[in-house]
Amino acid sequence: SGAGSLVAWSLLITDLDPLRFDLLFERFLNPERVSMPDFDIDFCMEGRDRVIDYVAQRYGRDQVCQIITFGSMAAKAVVRDVGRVLGHPYGFVDRIAKLIPFELGITLDKALEQEPELGRLYREDEAVQVLIDLARALEGVARNAGKHAGGVVIAPSELTDFTPLYCEAGGENLVTQFDKDDVEAAGLVKFDFLGLRTLTILDWAVAAINHERNARGETPLTLDALPLDDAATFALLKRCETTAVFQLESRGMKDLIKRLQPDCFEDIVALVALFRPGPLQSGMVDDFINRKHGRAKVDYPHPALEPILKPTYGVILYQEQVMQIA
C-alpha cells in the first residue's frame with residue numbers, strides 16, 4: 001500500500017509512480033485505518049543483514065533487535081515426538097503419523113474424526129491410544145524458539161523497557177521474548193526487513209550484463225531504463241517461458257498466462273491479482289479472460305462505474321477499485 005504515496009515515490013522509497021498507475025494514497029493511510037500504515041520493503045538477500053546492521057548502528061544496538069518465533073507441536077510432529085520418547089519402533093509411529101490428514105491447521109481430534117483407520121486403531125490398540133492421548137495433551141505447546149524471517153523492532157528507548165530478550169545457546173544475536181503480536185501490544189512497531197532472492201538474482205544479472213557492456217565500451221544497463229512495452233518480452237510471456245520469473249513460474253500461473261495471453265504491463269498486474277483462491281474459485285478469472293478476448297460482452301453494474309472498471313473489463317479486481325466505488 002505504501003506505493004500509493006506520492007511522497008514515498010518522490011523520496012525514492014518506491015519506484016512506481018502512483019499517478020501513472022492509478023494507485024490510491026487512501027489505501028496507505030486514511031482516517032478509518034485501524035492498524036499503522038507500513039511499507040513492505042524487500043532487500044537483496046546479500047544486503048539484508050547490512051541493512052539491519054545499519055539500523056542497529058543508527059538507532060543503537062540496545063534499541064534494535066529481531067523478533068522471536070515459536071514453533072509449536074502440530075499434530076503429526078507431536079505424535080512422532082511422543083512416539084520417540086515412549087521408545088516405539090519408527091515404523092509403528094510413522095504409520096500412525098501418516099494417517100493424520102495433510103491439512104493446514106489439522107488437530108488430532110479432527111484427524112480421529114476424519115480418518116476411520118486412525119479412529120479404529122485408537123479404539124482397538126492400547127499402545128496407539130496411550131500415544132495419542134499423550135500427544136493430545138502436548139499438542140499446540142511451544143516446541144522451539146526461532147527468529148522471525150524479516151521482523152525487526154526499533155524501540156524509542158532501551159528494548160528492556162518494553163520486552164524481555166532472548167539469546168539462543170552459543171548465539172550472539174538477541175531477539176525479543178515477545179512474538180510479533182505481543183511486541184505490538186507492548187507498544188513497539190514491527191518493521192519487515194525481508195530478504196528476497198529475486199532481487200539478488202536481478203543484481204547478479206545486471207552485474208553480468210554490465211561486465212560485458214563495459215568490455216564493449218557501451219553504457220551500463222539500469223533496470224529503471226527497461227521499457228514496459230517490449231514486444232519480445234511479451235512474446236516470451238505468451239509462450240509461458242517463465243521458469244524462475246518471480247510470481248510467474250508455477251504450473252498454475254503458466255496455465256493462466258496461456259489462457260490470458262498478456263500483451264501489456266497492466267495484464268501482468270492482473271495476472272498476479274487473479275492468481276489467488278478467491279478469483280480462481282469465483283469464476284472471475286473466466287470472466288476477465290473472455291471479456292479481454294472479446295468472447296464475452298464487457299458490461300458494468302452501473303454506467304458511472306465505467307471509468308473505474310474499464311481497465312479490468314468491468315471486473316472488480318483491485319482493492320483500489322472497491323475503494324473508488326465506495
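User: Where does Gln247 lie, and how should I read that place?

Analyst: Start with how the elements are named: helices (H or I, at least four residues) and strands (E, at least two) are DSSP runs, numbered from the N terminus. In this structure, Gln247 sits in the loop between α11 and α12. A word on the source: this is a predicted model, where local features need pLDDT of at least 70, side-chain atom pairs count only at pLDDT 80 or more, and totals for chains, interfaces and linings use all residues. Residues are numbered from 1 along each chain as its sequence is written, and side-chain values use heavy atoms, with hydrogens and water left out.

User: What phi does Gln247 have?

Analyst: Most residues other than glycine have a negative phi. Gln247 is not a glycine, yet its phi is positive, about 70°. Cys240, in the loop between α11 and α12 as well, has a positive phi of about 60° and is not a glycine either. Just after α12, Gln261 also takes a positive phi, of about 55°.

User: Is Cys240 buried or exposed?

Analyst: Buried means under 20% relative accessible area, exposed over 50%, and partly exposed in between (1.4 Å probe, protein chains only). Cys240 has 17%, so it is buried. Gln247, at 44%, counts as partly exposed.

User: Which residues of α12 are buried?

Analyst: Helix α12 covers residues 251–260, and its buried residues are Met253, Leu256, Ile257 and Leu260. Looking down the axis of α12, these fall within an arc of 100°, so they line one face of the helix. That arc is taken from the directions from the helix axis to the C-beta atoms. Arg251 and Lys258 are exposed on the other side of α12.

User: What do the buried residues of α12 pack against?

Analyst: Contact means heavy atoms within 4.5 Å. The partners of the buried α12 residues are α11 (231–238), α13 (265–274) and α15 (284–292).

User: Which residues does Thr163 touch?

Analyst: Leaving out residues up to four places away in sequence, Thr163 touches Thr176, Gln177, Phe178 and Leu188. Thr163 is in the loop between β3 (142–154) and β4 (165–166), and it is buried, with a relative accessible area of 3%.

User: And the whole chain: how many helices and strands does the protein have?

Analyst: The protein has 17 helices and six strands. Of its 326 residues, 30% count as buried. Along the principal axes, the C-alpha trace spans about 70 × 55 × 50 Å.
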